[in-house]
Amino acid sequence: MLSSRLTPFLFLAPALIGLVVFRLAPIGIAVAGSMTGTSLMGDLSFVGLENFAYLFTDAEFWSSLQVTLLFNLIINPLQLAVAFALALLVFQQGRAIWFYRLLLVLPMAVSTGLSAVLFGLFLDGNLGPFNGFLEWIGIGAQAFHRNQDQALGTLIGIATWKGAGYWMLFLLAGLYSIPSSVQEAALIDGATPWQRFRLVTLPLMRKPMAFVLVADTAINFLFFAPVYILTSGGPSGSTSVLMYQAYLSAFTFSDLGRSLAISTILLMIILIIVALELRLLRSPEDHAA
Amino acid sequence: MTETIARNPLAVALRYGALSILAFAVVCPLAWLALASLRPQAEIFQPVSEFGWRTFVPSRLTLDNYRALMSGDFPLALRNSSIVAVTTVVFGLVVNALAGFAFAAFDFRGKNLLFLLVIVSFMMPFEAIVMPLYVLISGLGWTNSYKALIIPEVANGMIIFLFRQFFASIPKDFYEAARVDGASWLYIWAFIAMPLSWPTIATSSLMLFLSQWDSFFWPVVAASDPDYAVVQVAIARNINFEQNDWGGLFASTNLAILIGMIPFLLMQRFYVRSLISGGIK
Amino acid sequence: MATMSVRGLRKSFGSTEILKGVSLDVADEEFVALVGPSGCGKSTLLRLIAGLEEASSGEISIAGRPVTRLAPKQRDVAMVFQNYALYPHLTVRANMGFSLKLRGESKAGIDTKVNQAAEILGLSPLLDRYPGQLSGGQRQRVATGRAIVRDPALFLFDEPLSNLDAKLRVQMRTEIKALHIRLRSTMVYVTHDQIEAMTMADRIVVMQSGKIEQVGSPLDLYDRPINAFVAGFLGSPAMNFLEGRIDGGALVTLDGTRLSMPGHLGGYQHGQAVLWGIRPENLALAAEGLSARVEVVEPTGPDTQLLLRIAGQPIIALLRQRMKVRPGELIHVMPEPGMTHLFDKESGRRL
Ligand SMILES: Nc1ncnc2c1ncn2[C@@H]1O[C@H](COP(=O)(O)OP(=O)(O)O)[C@@H](O)[C@H]1O
Ligand SMILES: [Mg+2]
């Protein structure tokens, strides 16, 4: 094109500097910082892999890793399943379906932090209606995020309330991208509704479903705000996910090395997930017509 | 084929039944909060034993809780959030649209690699780098300042991507014709490309606005000083205080939710389409 | 194989009526082509027969069995879609065997039938490929193969060749016709391409705006179109029309030119407003006759196509000879006796 060689870079410079300094450089800082220690006097020193070695002997880290994995093992398949069910329910045209769709995606406009506050109030015994409702139907009031056995489940519920409608949108787009004539061909070929779902819809939804699963996992590995707002990692560490550990290490225990070591581990996990996601988007629709 | 199924009356009833229950579950907490924020102070507490329709419907509606907000720390938080969000929108639009234009209009060395950086930057959730970014920002001496809240959020891979997609959809002839007429690239960007891209500008503004309005982790880490507390942080603090102004918390939470939700509702069509294009292309 | 019949079929989408009472009988082993301009309701009619849409009123029966209210799977029809609608996640083999598998046929039985169909269509080397790895023509064959494996009572085709390039289209049309003869099957074939209809069909159904205009063998329709629409729709280049009034043995055109046509216009009502039609190949050079100004000369090798202006109106003539005329020249053409058509101007009906 008719341009000097420099022009594109002048256009790119502000954004690229921003991305490099505030997105890329922190990755390096995390890795470098995870290999430093801070003395009581506050000076930094290179300590190699000592932070990691220490982490791996630290019961609190292992328990936090366990919580994080458990959380992700439950929440990601759960959100995928709920989102897919919602997408199937609102897929076909029908009376007022647009309105249901709108209601279902409303929570995506509520930030994670505000969702946590909202449910903190909603589930509160004195302020919110939910425990009253549970009493009324005979189940009895529950402590939810204040109970060691229920806290993680409560957070999963809140995050699913917020996230299901959002992920539904991607699956809905996937459903719309299946040509209706393919469904009709199956109908003429004699497939029952269930057979059409299992033999046509489900296999053709593999890609959008994988995308949702991977992207959702990336987000949920970094779950933070509701833990900070509602449980502070408790009760008894039952919701102390890795991101919260990273925060605590830096701001409560002033152990920046540990915080960055945890961040580095999380970053590695996230980068692997992102690589997966990229492959998914790149791969030409393997067999698509 | 859609009709044959939709006409089965049992299936229709089941479908709408399920949808109604789900939609109720989704909307109920929001509706409850909206109504509760209009309660008189005396009715805020809801003893578990007194569950009934009064639990949801106040005996009278009042704006007292909202009026009381004006005197607390909330106006400052609103001010902080507004400054941060609006500044980010203004700078973010310019910076990211310029970059998006470069990716769409020019061929240059390293283009694919740089675009990969853009894509990775928005696939990697921001939370992943909050801790090391904090190290960087405090190294620069920016903690507890608007700078810390705004500058790292200006460059945004998703917005670059959206602008690139839009600018790439304009035929190159369009730009080249203007080039032949002697226009500079900056002129073309500002007076030809940007005016055509208003839908992208609108969704991008909303995305940038929400990215700031909703952000919590970064402000908690980078600007924990009450003077710089943004709305989300101020509200989150209040829920953990033993306090007597629960009505104020209801009102501020509801207000913060509405400020995020109303532009979303107005623009949800565009917004949803852009989101999906970023995810699945 | 079987007969198919449609009685008084109507279909509305919302308040717009798309099919306005269609009746049609298709005989056993017959190949019927549905033609008509885009949007006239061909696909809708086919989808009603398949059971993909529900009729607003009217009756459909296949092999003498009423199927109007039955689901597609109970109608024993196979359909080939315009975009082929192959299952993208299944191999060619699995695509073709899909319906048999659903029907619960044995693995061996499915394999035999699929291999047999693949043999007929030349698909044997492609059986383990995915649709995404096939060319357009190959996909078309797979779609056809998927239909014939079923051995249905009735085949339905919805513009199956419209996504292929011209050369492949000609080849595939011969193949499908050969298949029809070989399988001795009943086929309803939708196309907007009248050449396809003319060359393939036993009978052609011409539709317009949700109604059937005429049904008949290709040459019947070509030679004796029932109205001006059918006359203009079949044939390429299309029939020429001159608008005018009858005055004794002559046609007085709009600009007042009096074209005398001895032997063509006897016995019609004096002063009636008519469309006089003549096919391009039925005009011949003559020493006298209609005087025509040559506007464009298009030699195609064996033939010469002339764009003429007669009585101020454009007329195309297709002459089976090479010619040395130039634009601007004045020539004379004569309609072949017995090959002119006369339609009422108001109703379009043949006179
Ligand atoms: N599902 C539908 N809803 C509303 N209108 C439709 C639907 N399907 C077809 N139509 C309308 O019916 C008319 C006939 O369509 P179609 O049968 O596809 O025409 P053809 O195949 O002859 O081109 C068109 O005007 C089309 O817009
Ligand atoms: Mg059609």
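Hi everyone, let's start where two chains meet: 96 residues of chain A are in contact with 100 residues of chain B, contact meaning heavy atoms within 4.5 Å. Before I go on, this is a predicted model, where local features need pLDDT of at least 70 and side-chain atom pairs count only at pLDDT 80 or more, while totals for chains, interfaces and linings use all residues. Residues are numbered from 1 along each chain as its sequence is written, chains are lettered from A and ligands numbered from 1 in the order in which they are written, and side-chain values use heavy atoms, with hydrogens and water left out.

Back to chains A and B. Together they bury about 8,700 Å², 82% of it on carbon and sulfur atoms; that is the accessible area (1.4 Å probe) lost on putting the two parts together, summed over both.

How many salt bridges does the rule find across this interface? There is 1, counting a side-chain nitrogen of Lys or Arg within 4 Å of a carboxyl oxygen of Asp or Glu. Glu153(B) pairs there with Arg23(A), their closest N and O atoms being 3.8 Å apart. On the side of chain A that touches chain B, helix H1 (residues 7-33) gives the largest share, 19 residues; helices here are DSSP runs of H or I, at least four residues, and strands are runs of E, at least two, numbered from the N terminus.

Now to chain C. Here 6 strands form an open, mixed sheet, ordered E6-E7-E8-E3-E9-E10; strands pair if DSSP finds at least two bridges between them. Strands E6 (77-80) and E10 (211-216) of chain C are at the edges with a single partner each, so one side of each has no neighbour in the sheet. Thanks, everyone!
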